[in-house]
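Hi everyone, thanks for making time this morning. Let me put the model up on the screen, and then we'll walk through a few spots together.

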Amino acid sequence: MSPALQPFGFPLPEGSYRPDVPTPDRVLGFPFGERPITPEEAFHYLEALAQASPRIRLETYGRTFEGRPLRLAWVSTPENLARLETWQRRWRDLWNPVQVRREDLDAWLSEGLPLLVWFGFSIHGNEHSSTEAALALAYFLVASERAEVQQVLERVVLVIDPVQNPDGRSRFVQHVRAQMGRQPDESPWATEHTEEWPSGRFNHFLYDLNRDWLFQTQVESQARVAAYVRHPPQVFVDFHEMGRDETYFFPPPTRPIIPWLPPTLRTWWERFGQANARAFEQKGWRYFTREWFDTYYPGYGDSFPALNGAIGMTYEQASARGVRVRRSDGTVLTLADAIAHHWTTAWTTLQTAAEHRADILRDFFQSRTANLQTTEDVWGWLVPADADPFLRQRLLERLRRMGVEVYTVSKPVALTARDPYFGTQGSRSDVRPGDWLIPLQQAQRLLLKAWLAREVPMDPEFLATVREQRELREEPGFYDITGWSLPLAWNLRVVELTGRPDRSLLQSVPADRPDSTDSTFRRATYAYVVCNRTLGVYGAAASALERRFPFYVNRKPLHLGSNRCPPGSLIFFVAQEPAEFGPWMETWARWLGPALLALDSGWTTDGISLSSPQTAFVPSDKRIVLLVGPGTRPDSVGALWHTLEVVYGFPITRVRTDMVASMDWSDVGVLIVADVSPQVLKRLWGDETVQRLKLWIEDGGALVAIGSGAVWASETGLMKVEWGPEKKTDEAKTPQKPPPLADVPGALLRVRLENRHFWMGGYETPDIAVFYEGNRIARPDPETAFVVARFAPADRLAASGFVWDDTKEALAGTAYAWYVGLGRGQIFAISSHPMFRGDYWGTHRFVLNALLWGLAR
Ligand SMILES: [Zn+2]
């Protein structure tokens with residue numbers, strides 16, 4: 001074979017291509033771009049490239065829940081790939097430059113240290129053209145004999161993550177291929193363009209992985225950030241798709257932008273953006289910048305790399321959601337067009353990066369070094385040793401994964417401190433051995449601030465814009481949520497230290513130490529009580545249910561010697577348990593720490609007895625059903641599914657909305673209805689199904705109604721709630737009526753708890769912060785409902801994030817969560833998602849306690 005000018009049906013730049021490098025057509029067995037390719041086909045093709053050329057090497061960095069590999073392709077010159085381990089060490093050293101001086105970097109630059117550019121593709125599985133573009137790019141870089149390609153690869157090592165969400169993409173590709181006829185259908189209404197619930201956007205557990213970089217709840221994210229930290233890039237591009245009527249987007253992004261990011265980032269955004277614009281203009285293609293896609297929420301595939309010092313960028317192409325689709329203006333958008341556009345920005349980005357190799361590496365080093373040198377008012381954070389061990393362990397895992405240094409002290413020391421989160425702690429903290437100190441002055445300074453600071457300041461010009469938009473009755477331009485501050489979201493009593501501890505007192509907390517205190521397990525002769533003082537209680541409860549170990553829960557506090565165990569503690573009687581119970585309890589002891597009490601007597605010192613009528617048995621033969629399917633929001637139900645089943649271990653039966661009418665309810669203990677469309681349920685279910693549900697509740701069932709699930713429950717008459725927003729009375733007096741109550745874009749709001757109620761068991765303080773989005777205002781009927789959590793007064797409502805002033809007034813004092821008894825059954829209603837995106841651990845108990853009490857009898 002002779003070198004081909006156009007090796008396959010894709011418009012690559014003309015030139016000579018190595019004939020021994022296989023084209024996608026040849027390996028895949030169909031013309032490239034004729035149909036979307038599966039993750040397996042993408043990896044298969046990259047393997048063929050790796051066999052044919054020393055310019056590419058593959059690495060497997062993880063596995064999805066469905067068992068698909070997560071893989072990276074390393075592309076560069078054979079010389080660079082031969083030295084990859086050295087380069088990786090250098091990039092890691094620059095990212096955490098404790099030992100690196102400017103002269104070292106100069107030496108490394110003259111030694112030829114290349115730039116690491118990381119391209120992520122198709123993190124939203126149905127935004128598919130970017131994976132095809134990744135293959136075309138890999139072919140081009142590996143097969144082209146152009147001098148220009150050689151020059152770029154000498155300066156750049158490219159790491160390609162071709163399928164960031166293999167399970168979601170697989171779902172999408174299966175759909176398109178199953179629905180395609182002989183010819184691609186251009187009608188946007190054709191089944192091949194209209195996915196069924198839940199769509200390929202999400203991963204297996206229905207998480208949006210382009211929001212999960214911050215919380216790292218999913219195996220894909222955990223594996224990816226671990227790979228990221230092993231070799232941190234200086235340029236990171238995340239390739240997406242948007243609606244079919246759009247054109248193409250690349251940075252600069254829109255406001256708001258995390259204000260702490262280095263100012264050089266904006267210069268680089270301009271430079272890469274202008275290079276992309278020139279490349280597009282040469283071909284006569286359309287594009288836009290600046291109007292969408294902010295860099296404020298730190299969990300995207302651009303903001304998260306930016307907090308790690310990279311030039312983080314999102315590129316967005318209009319989607320054919322299949323092979324060909326007609327747009328509103330009558331033109332036809334093809335998969336091939338989309339691939340060509342992504343290919344063009346990808347190649348242009350590589351050229352731009354190569355051209356500025358030394359400057360980008362210098363800026364990267366400088367911004368990382370600044371993290372080590374900058375002193376701020378706050379020295380760092382203190383996580384007390386007596387905080388929930390379950391949460392401490394979770395926090396430590398997250399910090400360690402990202403290379404954060406955590407210390408403790410060798411002897412007690414008093415330091416000045418402040419509590420911007422709950423405002424309840426004093427201005428001084430006694431720091432003791434076992435407490436954790438997280439200094440701000442370290443390489444991950446910016447990421448730590450994004451996780452732990454009370455708030456990320458929002459650009460005043462952006463705020464002026466959204467206010468104007470609202471006045472003009474336009475949609476205010478918030479792109480995502482605005483409040484995620486970890487101490488508030490987790491209800492973890494962390495303080496900011498303003499005093500500086502003597503460095504000689506600090507000892508590093510080892511990475512692998514389990515957090516529980518080294519409590520020696522003592523066998524009980526009569527009973528064990530797991531005090532509801534840690535979220536670990538729920539893991540133990542789920543595990544006991546799975547093994548059918550009988551246990552009880554208490555509705556009122558149990559006074560056992562000096563211990564006061566709140567409602568929702570677990571009571572196991574030794575005489576009732578099988579032989580394998582003892583070893584099981586011993587295993588759990590190290591996770592539960594002091595929350596586990598081993599009793600030789602059931603005598604209580606005050607209040608209720610261990611076998612009081614105020615305790616209830618929790619049977620293991622009842623199901624927990626989560627309503628999923630058409631009419632529910634995939635990421636909402638996904639967060640409940642993953643958190644309850646994977647994190648805590650409760651088996652969750654998921655039932656589709658269209659199956660409820662015909663299902664057998666006899667073994668169901670709890671039904672969770674979250675973020676559902678009441679209209680869809682009305683259409684699907686009819687009165688008869690609702691009547692059956694009502695009888696099921698009255699007969700002892702428990703309904704957990706979350707968000708619009710609570711609206712549905714009130715519309716069907718299961719409970720009485722007056723819903724806002726209501727109109728203001730003085731509207732008529734103003735010439736221009738105030739705009740309707742706008743959505744809170746997702747913020748942390750303060751609520752006051754009614755701790756005496758058994759549902760709130762485990763909350764030790766009356767004030768916590770809850771995640772809230774939208775503008776739903778609930779006033780449950782006071783005759784039949786008991787409000788367990790109420791929004792704080794307007795002046796102290798917003799704990800973190802943006803809330804409109806009139807929404808504060810409207811929400812103040814209204815209900816966040818309320819309890820309704822119905823016959824022998826119960827309704828647990830919560831107005832906004834308590835397990836949003838699998839984080840916000842501070843409100844997990846709202847669901848977990850409801851499950852225990854829903855199952856109990
Ligand atoms: Zn996307």
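R321 sits in the loop between strand 9 (311–318) and strand 10 (324–326); helices here are DSSP runs of H or I with at least four residues, strands are runs of E with at least two, and both are numbered from the N terminus. R321 is not a glycine, yet its phi is positive, about 40 degrees. Its relative accessibility is 22%, so R321 counts as partly exposed; buried means under 20% relative accessible area, exposed over 50%, and partly exposed in between, with a 1.4 Å probe and protein chains only.

A quick word on what you are looking at: this is a predicted model, where local features need pLDDT of at least 70 and side-chain atom pairs count only at pLDDT 80 or more, while totals for chains, interfaces and linings use all residues. Residues are numbered from 1 along each chain as its sequence is written, and side-chain values use heavy atoms, with hydrogens and water left out.

S199 is another non-glycine with a positive phi, about 75 degrees. You'll find S199 in the loop between helix 8 and helix 9, and at 15% relative accessibility it counts as buried.

That loop also holds L214, buried at 0% relative accessibility. Which residues does L214 touch, leaving out those up to four places away in sequence? They are Y297, P298, G299, F304, R398, W451 and W484, where contact means heavy atoms within 4.5 Å.

Now the metal. The zinc ion takes its protein donors from H124 (ND1), E127 (OE), E127 (OE) and H240 (ND1), at 2.0 to 2.6 Å. Donors are N, O and S atoms within 2.8 Å of the metal (3.2 Å for Na, K and Ca), and water is not among the atoms, so sites may look incomplete. Along the chain the donors follow the spacing H-x2-E-x112-H. E127 lies in the loop between strand 3 (115–121) and helix 6 (129–143) and H240 in strand 5 (residues 235–242), so the pair ties together parts 113 residues apart in sequence. Both E127 and H240 are buried.

Last stop, the prolines. The peptide bond from P251 to P252 is cis, with omega near 10 degrees, and P252 is in the loop between strand 6 (248–249) and strand 7 (254–257). R255 and P256 are also joined by a cis peptide bond, with omega about -5 degrees, and P256 lies in strand 7.
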